Amino acid sequence: MSKFILSCESTVDLPYSYLAERNIPVLFYTYTVDGKPYKDDLGKDPDSLPNYYKLLDDGAIPSTSQINVFEYQEFFEEQLQKGDLIHVTLSSGITGSYANAVTAADNLREKYPDRKISVIDSYGASSGSGMLVDTAADMRDNDSSFEDVERWILSNRLHIHHQFYSITMDYFKRSGRVSGPAATIATILNICPMMRFDSQGRIIAYEKVRGIKNVIRKTAEAMLEHADNGESYTGKCWISHSNCIDAANQLKGMIVQDFRKLRADDIRIFDIGTIIASHTGPGTLALFFFGDERK
């Protein structure tokens, strides 16, 4: 059976070396500081993420933009020359890029009538959408068909939970997801809003927790509530963080204690990339796992 191409965007927040090893082509987003563009390269250059945080420490305010139709079309055409294509995008609930990807795919179908191309909205972000792509790659490598993988992604994208919090409210205030007064009060009172992605891939703040230790504990408890088979969960469990590795390790330790069938080696920790971090800020911790359908 001939293999199809499975591709994604750099907002999956997995190491570039890992995606390359798995034969998953990546379309890179860019961010801009003082008019200068930088590529969200997933650590392809090992200095890229440290340099990004240095820019933030120096007071830089990064801006991001959608991937435009031309960029998608150029990337898709390169893949279609090799075979059929399934491309998974960043959630349409937080960006308009998905619509541009659909337009680009429509533009190419007439030029490549013998190729199949499917553009799928992940309804997720960061390593949550990465987990979706990674599991689809498992199926591809086990000789699942294009149609079976496409069907699985569409059926399971809402079963990957995105549970996260941030200690830096300024970035959410800037994007309009948190009001100015609410962000100020949260900072003064050391309150961390707990957030998740809903069934349309939008960010929902649903509980206010005071103190880092408490919000990490609550994050682990959310997994106990929603994970497949509860404390007997055996699926993928990934943690992503933006420059707060100690908090990531604390969460990992709690999960190992709570889930008797998960070992420390089963839980992977990744860096949140420059695009997602530009909207959440440093001090963001996210947990991803398979569970009941997101509401």
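The following dialogue explains how several features of this predicted model are named and decided.

Author: Residues are numbered from 1 along each chain as its sequence is written, and side-chain values use heavy atoms, with hydrogens and water left out. Because the model is predicted, local features need pLDDT of at least 70 and side-chain atom pairs count only at pLDDT 80 or more, while totals for chains, interfaces and linings use all residues.

Reader: What makes residues 69-80 a helix, and how does the span of H3 compare with the one expected?

Author: A helix is a DSSP run of H or I with at least four residues, a strand is a run of E with at least two, and both are numbered from the N terminus. H3 has 12 residues. The expected span is 1.5 Å times one less than the number of residues; for H3 this is 16 Å, and the helix reaches 16 Å from its first C-alpha to its last.

Reader: Which residues of H3 are called buried, and what covers them?

Author: Buried means under 20% relative accessible area, exposed means over 50%, and partly exposed lies in between (1.4 Å probe, protein chains only). In H3 the buried residues are Tyr72, Phe75, Phe76, Glu77, Gln79 and Leu80. Their cover includes strands S1, S2, S6 and S7 as well as helix H4.

Reader: Why are S2 and S7 called edge strands?

Author: Two strands pair if DSSP finds at least two bridges between them. The open sheet of 4 strands runs in the order S2-S1-S6-S7, with parallel pairing. S2 and S7 each have a single partner strand, so one side of each is left without a neighbour in the sheet. S1 and S2 pair over 2 bridges, and Glu9 has Leu27 in S2 as its bridge partner. H3 packs on this sheet, touching S1, S2, S6 and S7; contact means heavy atoms within 4.5 Å.

Reader: Are Cys237 and Cys244 buried or exposed?

Author: Cys237 has a relative accessible area of 0% and is therefore buried. Cys244, at 14%, is also under the cut-off and is therefore buried.

Reader: What joins the side chains of Ser240 and Ser127?

Author: A polar contact is a pair of N or O atoms within 3.5 Å; within protein, one must be able to donate a hydrogen and the other to accept it, and residues adjacent in sequence count only if both atoms are side-chain atoms. The side chains of Ser240 and Ser127 are joined by such a contact, of 2.5 Å. Ser240 lies in strand S11 and, at 0% relative accessibility, counts as buried.

Reader: Why is Gly230 called buried?

Author: Its relative accessibility is 18%, which is under 20%, so Gly230 counts as buried. Gly230 lies in the loop between helix H9 and S11.

Terms used
Axes are lines fitted to C-alpha atoms, for helices over the stretch in contact, and angles run from 0 to 180 degrees between N-to-C directions.
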